[in-house]
Amino acid sequence: IFFFFFFQAEDGIRDAQESRGLGDVYKRQYQRRVRETTKSMDLSCFLAGFAYGGTTVVVGQPLDTIKTRMQASTGSGSSTVQVFKQLLQREGIAGFYRGGTPLLLGGGLMRSAQFGVYENSLHWIRLAQGGPTEHRLAGIVDPQIVLAGWCGGIGRGLVEGPVEYIKVRRQVAKPWKMSELLCGSGATLFRNGFLFANFCIWMDLANQAGALDV
């Protein structure tokens with residue numbers, strides 16, 4: 001019994017000297033647990049995002065091509081059906097996927113970057129702050145999720161800007177220039193960061209509501 005209390009007291013003194021408070025003890029425990037369970041960057045989010053991006057191209061590229069052709073021919077008065085028929089007659093099925101190659105590669109990458117950067121940013125933010133925050137804006141908005149959402153949106157925008165530029169130029173059958181790849185990237189980064197941060201906020205609110213229902 002003596003030795004038991006002696007070693008317990010020694011451990012308590014050592015913890016107190018290192019942490020100077022239970023808050024630091026919990027913080028170190030959280031950081032140790034996270035390191036043990038995630039010793040490397042989690043690739044599952046990147047792979048899921050890449051699969052989502054590839055599927056989007058296969059399903060949505062024909063409609064996007066029709067939309068781009070209609071926008072490029074402003075004033076022609078062509079309807080969706082007319083553009084569809086003209087494109088099918090002139091270029092066949094392949095015409096609907098014009099510009100699809102960079103989007104297939106970049107689309108999967110930008111969506112995997114969006115979700116992958118978000119998840120890993122949230123992981124490192126919480127690791128740096130010792131775990132999920134207890135302080136929420138207006139009592140409901142998690143600032144860690146907001147910041148990670150902005151990171152995810154910017155991560156997507158860095159890929160999306162050049163890819164979207166090449167895709168549109170290919171869809172309207174015009175050459176693209178390397179010097180113009182980053183045109184409009186500032187607006188794209190801000191738009192994606194703002195939109196994805198709001199998406200993450202709503203997802204977190206939905207999770208909170210689900211937890212309350214349970």
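Is Ala138 buried or exposed? In this predicted model, Ala138 has a relative accessibility of 79%, so this residue counts as exposed. A reader looking for Ala138 will find this residue in the loop between H6 and helix H7 (143–171). The backbone is worth a look here too, as the phi of Ala138 is near 60°, a positive value in a residue other than glycine. For context, most residues other than glycine have a negative phi.

At least two of its residues are supplied by each of helix H3 (44–72), helix H4 (80–91) and helix H6 (100–128). Leu104 itself counts as partly exposed because its relative accessibility is 38%, a value that falls between the 20% limit for buried and the 50% limit for exposed.

The mean pLDDT of the protein chain is 76, with 74% of its residues at 70 or more. Confidence is highest in H7, with a mean of 89, and lowest in helix H1 (residues 2–19), with a mean of 40. Residues 1–20 stay under 50 in pLDDT, and the model gives them 6 contacts beyond four places in sequence. Residues 36–41 are likewise below 50, with 3 contacts beyond near neighbours in sequence. Where pLDDT is low, the predicted coordinates should not be read in detail.

Note on methods: Residues numbered from 1 in each chain as written. Predicted model: local features only at pLDDT ≥ 70, side-chain atom pairs only at ≥ 80, totals over all residues. Heavy atoms only, no water. Helix = DSSP H or I, 4+ residues; strand = E, 2+ residues; numbered from the N terminus. Buried < 20%, exposed > 50% of the residue type's maximum accessible area, 1.4 Å probe, protein only. pLDDT = per-residue confidence, 0-100. Contact = heavy atoms within 4.5 Å.
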